Amino acid sequence: MTTNVYTADLETNNSDIAIVNKQTNVWLWDICSVNDYTHRTGQTLDEFFTVLERISPSIVYVHNLKFDGVFLIEWLFRNGFTHTTERKLNKGECSTLITDSKVFYSIRICFGRDKRNRRNITAEIRDSTKKLTGTVESIARAYKLPILKGEIDYKKHRDRYYLATPDEVEYIRNDTEII
């Protein structure tokens with residue numbers, strides 16, 4: 001069984017309005033294949049997890065999982081997944097490797113069984129900062145990559161109905177390609 005490898009990033013609403021109203025949300029995400037740089041981009045976590053299930057079995061690297069992982073774990077619990085400490089996951093279960101000092105290493109998720117080969121369909125989301133230290137911008141510069149981290153307005157209010165601009169989509173795709 002082949003495991004697919006990807007990088008992913010989430011953009012979240014950090015506007016003053018969202019923070020005051022406790023309504024932070026994911027408004028854009030991207031998953032990029034490390035083999036051929038194909039992108040899957042969307043705007044809700046429901047879409048993110050639908051794609052994640054479709055591309056699994058997979059390993060997905062997220063830069064700074066401690067931040068994005070909170071949104072991912074919250075979605076899993078809101079959607080009926082249960083946490084387990086067992087090594088073998090069953091459908092609808094997830095496990096985490098997080099230290100007592102809140103250092104995130106991974107989140108494992110079982111979506112169910114593949115009827116063809118009777119194996120569990122799992123995804124493992126890992127923290128890429130454990131392999132590549134520094135910011136996305138500093139990594140692009142250090143490796144002299146042909147793309148650089150762009151800029152977006154992090155304080156702009158983007159509610160759950162916000163549609164990302166082409167520049168914002170390019171921004172997040174650059175981030176996943178750099179990692």
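Trainee: If rings of Phe, Tyr and Trp (its six-membered ring) pair when their centres lie within 6.5 Å, with planes under 30 degrees apart counted as stacked, over 60 as edge-to-face and the rest as tilted, which residues do ring pairs link into a cluster?

Mentor: Ring pairs join Trp29, Phe48, Phe49, Trp75, Phe81 and Phe111 into a cluster. Keep in mind that this is a predicted model, in which local features need pLDDT of at least 70 and side-chain atom pairs count only at pLDDT 80 or more, while totals for chains, interfaces and linings use all residues. Residues are numbered from 1 along each chain as its sequence is written, and side-chain values use heavy atoms, with hydrogens and water left out.

Trainee: How many aromatic pairs does the rule give?

Mentor: The count comes to eight aromatic pairs. Phe48 and Phe49 form an edge-to-face one, at 5.3 Å centre to centre and with 80° between the planes. Both Phe48 and Phe49 are buried (under 20% relative accessible area, where exposed is over 50% and partly exposed lies in between, with a 1.4 Å probe and protein chains only).

Trainee: And why is the pair of Phe49 and Trp75 called stacked?

Mentor: The ring centres of Phe49 and Trp75 are 4.0 Å apart and their planes are at 10°, so this pair counts as stacked. Phe49 belongs to helix α2 (residues 45–55) and Trp75 to helix α3 (residues 65–78), so the pair ties together parts that are 26 residues apart in sequence; helices (H or I, at least four residues) and strands (E, at least two) are DSSP runs, numbered from the N terminus. Both Phe49 and Trp75 are buried.

Trainee: Switching to charges, over which ring does the charged end of Arg158 sit?

Mentor: Arg158 has its charged end over the ring of Trp27, 4.1 Å from the centre, where the rule asks for NZ of Lys or CZ of Arg within 6 Å of the ring centre and within 35 degrees of the ring normal. The charged end of Lys130 likewise sits over the ring of Tyr105, 5.1 Å from its centre.

Trainee: What about the sheet, what order do its strands have?

Mentor: The open sheet has eight strands in the order β3-β2-β1-β4-β8-β7-β6-β5, with mixed pairing, and two strands pair if DSSP finds at least two bridges between them. Its edge strands, each pairing on one side only, are β3 (39–42) and β5 (82–83). β5 runs parallel to strand β6 (residues 93–98) over two bridges, and His83 stands opposite Cys94 in β6.

Trainee: Which strands does α2 touch when it packs on the sheet?

Mentor: α2 touches β1 (4–12), β2 (26–33), β3, β4 (58–62), β7 (104–113) and β8 (120–127), and its direction makes about 20° with that of β2. α3 also packs on the sheet, touching β1, β2, β4, β5, β6, β7 and β8, with a direction at about 30° to that of β7. Contact means heavy atoms within 4.5 Å, and the axes are lines fitted to C-alpha atoms, for helices over the stretch in contact, with angles from 0 to 180 degrees between N-to-C directions.
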